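Hello,

Here is the structure for you to look over. My notes follow below it.

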Amino acid sequence: MKPRLSLKQSISLTYILLAIIVAGAFSLVSYISVEIIEEKVIDARLAMMADRLIDFPPGERMPDAPPDIQFLIDDAIPMELQQLPVGVHELMLGSRQVRLLLRDHDTHRYAVVQEVDELEHTERVIRLSLAVGFVFSILLAAVLGVLCARRMIAPVAALADAVGRNAGPTELPSLSAQDEIGVLSRAFAKRTYELQQFLQREQLFTGDVSHELRTPLTIMLGAAEVLAAQLSDHPAQLATAERIRRVAAETAQRVSALLLLARAPELQGAPYTILNTIVESEMERCQPLLYGKPVEFTLDLRASVSANVYPELAGIVIGNLLRNACQHTEQGHISVQLVAGQLVVEDTGTGLPQKVRERLFERFIHGDDRPAHEGAGLGLSIVKRVVDYCGWSLQLETPEAGGTRFVLSFPPASHS
């Protein structure tokens, strides 16, 4: 795609094109005018001299001619000129460039010859002046274009700089200006104020919800632990109590993760986190989704892999990818491979149609035709949001044997 010119370049180019058109038109008109005037003036002078020459009686001494004009009659006219038709001619006579008027009157032929070398020299000077003026106009237009563009773009650049550094609505430049820049600045100020209010409401809402949910979740965790201690001699009830405790702990982690997503990523440093235990823990949590299915769930873990990420956020990404594979695989295998800088989750499920793959990371998009009550279609959209927040990347691939393959890539961890 051909890159577009900047606004400053467009303004400068407009000035130059305008100068070319105006100066070119002026030069052309001036040149044509000079040619017409030269021709008319010389022809009129030759005609007047011819009338003066004809008015003298034959046989008398010819009238005196101006220095640059020569009168010739009958045999005095050179043979090559006598062969020319009556009228005005411009030709070389020896080494001289002349303009010739031939006229017949009674039985005589008259010739008026004017040298035009000096006029041609004057014409060349005029042409050179027009050319120099044309070039000077272009250069002047280029200089004026750059200066005017710089002056015109300065308010826009200042406004863009203020917006780029997240200046407050009252800190934007040109707010009081009555021109188009002022209108744009006030529109930006209004929009910035509305966005700030929206973000503030969202942050307050997220914080309030997180605070309100943490208290009952803490109570649930404590109650589940007490219940598990009391049911140590009853294995069936103990499993139920342990499941309540685990779900409450997972929910508390998810609440903490969503609270992290509400904060600006550049304002917080992500800790050094080992991903191995998170992958193993999330795989264990997904085991109930495979009960009764002939599916082999394997993990290829060759070394300790780490990343700079909050464990809660890593758990959301890894857990959703694993749950997605377990829910959409009825038979075959699900393989998980964790290596330095990459996590690969591949399954032999039904795969995804092209129209779903194109919109898979949008909200409320399902990977299959399950009823809406069996899933809200938010899992992968949350994964995409967390991946973008962490500066990671997620690719969806289609294996040759069918199914789906998610490739999660992340930068190597660094101890801070």
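**Helix contacts and the rest**

In H6, Ile-278, Val-279, Glu-282, Met-283 and Cys-286 meet Pro-311, Ala-314, Gly-315, Ile-318, Gly-319, Leu-322, Arg-323 and Cys-326 of H7. Contact here means heavy atoms within 4.5 Å. Helices (H or I, at least four residues) and strands (E, at least two) are DSSP runs, numbered from the N terminus. By class, this contact of H6 with H7 has nine nonpolar, two polar and two charged residues. Ala, Val, Leu, Ile, Met, Phe, Trp, Tyr, Cys and Pro count as nonpolar; Asp, Glu, Lys and Arg count as charged; the others, Gly among them, count as polar.

Two points on the basis. The model is predicted: local features need pLDDT of at least 70, side-chain atom pairs count only at pLDDT 80 or more, and totals for chains, interfaces and linings use all residues. Numbering runs from 1 along each chain as its sequence is written, and side-chain values use heavy atoms, with hydrogens and water left out.

Back to the geometry. H6 covers residues 276–286 and H7 covers residues 311–327; their axes come within 9 Å and cross at roughly 40°. Axes are lines fitted to C-alpha atoms, for helices over the stretch in contact, and angles run from 0 to 180 degrees between N-to-C directions. H6 and H7 are therefore oblique to each other. Angles under 35 degrees count as roughly parallel, over 145 as roughly antiparallel, 65 to 115 as roughly perpendicular, and the rest as oblique. The crossing is right-handed, meaning that the near helix is turned clockwise from the far one by less than a right angle.

Next, H1 (residues 7–55) and H3 (residues 117–164). They pack at about 160°, with axes 8 Å apart. H1 and H3 are therefore roughly antiparallel. Their contact divides into 23 nonpolar, six polar and seven charged residues. This crossing, too, is right-handed.

Phe-134 sits in H3. Phe-134 is partly exposed, at 27% relative accessible area (buried is under 20%, exposed over 50%, partly exposed in between; 1.4 Å probe, protein chains only). Beyond four places in sequence, Phe-134 touches Ile-20, Ala-23, Gly-24 and Ser-27. Phe-26 lies 108 residues from Phe-134 in sequence and 8.9 Å away, C-alpha to C-alpha.

Overall, the chain has nine helices and eleven strands. Of its 416 residues, 33% count as buried. Mean pLDDT, the predictor's confidence in each residue from 0 to 100, is 79, and 87% of residues reach 70 or more. Take note of residues 369–378, where pLDDT stays under 50.

Best wishes
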